[in-house]
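Reader: I have a model on screen and want to learn to read its features. Where do I start?

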Amino acid sequence: MADFDPVEGAESFDDVAASATAVADLSLTENVPFSGPTDDSTKDVAAKGWSERTPFTYEDYISKEFTEWAGNAKRYEWSDEYGDVGPKNEELENQLFNVENMTQAGLKLDVLNKIEVRTESEERVIPVASWDNAGLHPIMKENISLCLYAAPTAIQMYTIPAMLMDKDLIAISQTGSGKTGAYLIPILSKLMGKAKKLAAPRPNVIGVDFDPKIHGVRAEPLVLVVCPTRELATQIFDDARRLCYRSMLRPCVAYGGVPSRLQREELQKGCDILIGTPGRIIDFMSQGHILSLRHVRFTVIDEADELLHADWEEDFKKIMSGGDATEDDDHRYLMFSATFNKECRQLARNYLGSNHIRIRIGRPGSSHLNVEQQIHYVEDSMKNKALYDLLLSMCPIRTLIFVNSKAQVDYVDDFLYNAGLPSTSIHGDRTQREREDAIRAFKTAKCPIMVATGLSARGLDIANIMHVVNYDLPKSIHGGITEYVHRIGRTARIGNEGLASSFYNEKDQDIAFDLVKILLECNQKVPDFLQDYAPSDNRPVFVDDDTDNENDQNGEEQNGDDQDKKDPWGETSEVNAAESDPSAQQQSPSPPGLGGSNWA
């Protein structure tokens, strides 16, 4: 399951989607009580080709000497004996660039690259259509090739040249569009040629001979990447390990739930790229002999809309102001997300330069056409039966199931396991070792079904997730349609196809209008039970919640009659820029293969 290529995935997707449609017409609508798992149901699971269940062994979690944390994964270690480029390490290279662990670009990448792109800046951003034209360091180009990135995605086409302008940046693009690469590739490439000059001192001893008391140094990273979840932090760390291969740049990751001693020792070996969650970063910041942010050149906020919410704001302020002794011109701030509402953008302006660049791929908060969305009407009492029938209606595929509470995660996981299905689960009350084991089992297809809460899976990019199930749809007070978009974005990554199945009933009416608009926007079928929420002309209208018409500094709406403002290049912008912002809005020209379509 873990090693089929994009062509095989595309060929199997039609069968998967057809099976899901068939079961929607049959068992999901039959109000037949489900008596629960039986020996026969377990036999049915085996007959469908699902792998054997993996029992949970509590004894495995008793050891206090466990060190195989995701953050301790092997990375390329530099030696002073190397010249400008380090020699190959075949064993590490095979581990880092194993195709089973990487999401390969799918056959429908062109669908993502045809979405309208808008940039807001004082200077025109000229996109790059290929890696050869991107001005990248030779080692970065080699690592990109090893990652099987054949060509840049739309967000990468615009972000790479924007980074060369040395301005702060906000980038908004759909889930699965390559945002992590959009900031890591240009930043790391830019630093590779300057690492020897900019990097802090390193110990000359690594491996088993390293003694932190004798050889340890203070970590003074050049790049700081902040994200909201532990799983996303380790995922970005894995990407950084690949892209830093054979260079002097050394990535580290800091997140909670892991003994801080192990992460502290990694920092003391030298750190140029620090990825982490707010709590653990702040913890190390308070230990000045361990970590200093005074040399940071790039601060990246991934899933920025999540970190700019009120409950993160205090930690966010500490990090953004933490020990930065560099000149403002030397420090760039970058914010990336798939969704970015007006309140978050207004808060972001407190940290970004007034001349920052803004890049939008499509409508903020939208999904894309590569996700087939199917909505099934299922009463709460029938959800277990519906889920079981849905999973057995199709061939075994990697499936991520979302529920709305930690207790529900345990309940659904227990049900699936007792029904004979190879499931695992993850939520915030699990120990970090349990969480990492669950992710590892899901990645390797040891347990190809994972049950999760929405936040715990935020930003996850795991290869070959072909099916996402919303066992519970997110409530409006807990993210609503924004959370829905993030959830279904776990499938159909980087041009691959995927299926998103959602269980709906009357308790989900608070999300119905927004759900129907997303379905119409993505040319998806609106089921009969949601037709009352569809506009009469079936054309969705979205409130213009974007900086194009954003409030001025006094919080007052702009006059809608203020038309035909000129952009900095003397051309009429399609949408007005804010009066308080010197930059203007421009629909960017499309490079070869990058068309434009206007989302209403």
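Author: We go from the overall fold to cores, charges and rings.

Author: This is a predicted model: local features need pLDDT of at least 70, side-chain atom pairs count only at pLDDT 80 or more, and totals for chains, interfaces and linings use all residues. Residues are numbered from 1 along each chain as its sequence is written, and side-chain values use heavy atoms, with hydrogens and water left out.

Reader: How many helices and strands are in the protein chain?

Author: Helices (H or I, at least four residues) and strands (E, at least two) are DSSP runs, numbered from the N terminus. Here the protein chain has 20 helices and 15 strands.

Reader: What share of the residues counts as buried?

Author: Buried means under 20% relative accessible area, exposed over 50%, partly exposed in between (1.4 Å probe, protein chains only). Of the 600 residues, 58% are buried. Now take contacts, meaning heavy atoms within 4.5 Å. Count those between residues at least 6 apart in sequence: 79% of them join residues at least 24 apart.

Reader: Which residues have the most contacts inside the largest nonpolar core?

Author: A nonpolar core is a set of buried Ala, Val, Leu, Ile, Met, Phe, Trp, Tyr and Cys residues joined through side-chain atoms within 4.5 Å. The largest one holds 68 residues, and Ile187 and Ile275 have the most contacts inside it. Helix α7 (residues 179-192) gives the most to this core: eight residues. Ile187 touches Met163, Val223, Phe298, Val300 and Leu334, leaving aside residues up to four places away in sequence. A second, separate core has 33 residues, including Trp312 and Leu352.

Reader: Now charges. How many salt bridges does the structure hold?

Author: Side chains of opposite charge can pair when their charged atoms come close. The test is a side-chain nitrogen of Lys or Arg within 4 Å of a carboxyl oxygen of Asp or Glu. The structure holds 31 salt bridges. One joins Lys406 and Asp429, at 3.2 Å from N to O. Lys406 is in helix α17 (residues 406-418), and Asp429 is in the loop between β11 (423-426) and α18 (432-443), 23 residues apart. Lys406 is partly exposed at 37% relative accessibility. Asp429 is exposed at 57%.

Reader: How far apart are the closest N and O atoms of Arg440 and Asp437?

Author: They are 2.6 Å apart, in a salt bridge. Arg440 and Asp437 are three residues apart in helix α18, so about one helical turn separates them. Lys517 and Asp514 also form a salt bridge, with closest N and O atoms 3.9 Å apart. Both lie in helix α20 (residues 512-521), three residues apart. Salt bridges with shared partners also join Arg75, Glu77, Arg250, Glu266 and Lys269 into one network.

Reader: Why is the pair of Tyr183 and Phe336 called tilted?

Author: Rings of Phe, Tyr and Trp (its six-membered ring) pair if their centres lie within 6.5 Å; planes under 30 degrees apart count as stacked, over 60 as edge-to-face and the rest as tilted. The structure holds eleven aromatic pairs. Tyr183 and Phe336 have ring centres 5.1 Å apart and planes at 55°, so the pair is tilted. Tyr183 lies in helix α7 and Phe336 in strand β7 (residues 332-337), so the pair ties together parts 153 residues apart in sequence. Tyr183 and Phe336 are both buried.

Reader: Which ring does Arg53 lie over?

Author: A charge sits over a ring if NZ of Lys or CZ of Arg is within 6 Å of the ring centre and within 35 degrees of the ring normal. Arg53 lies over the face of Tyr417, 4.9 Å from the ring centre. Arg398 lies over the face of Phe442, at 5.9 Å.
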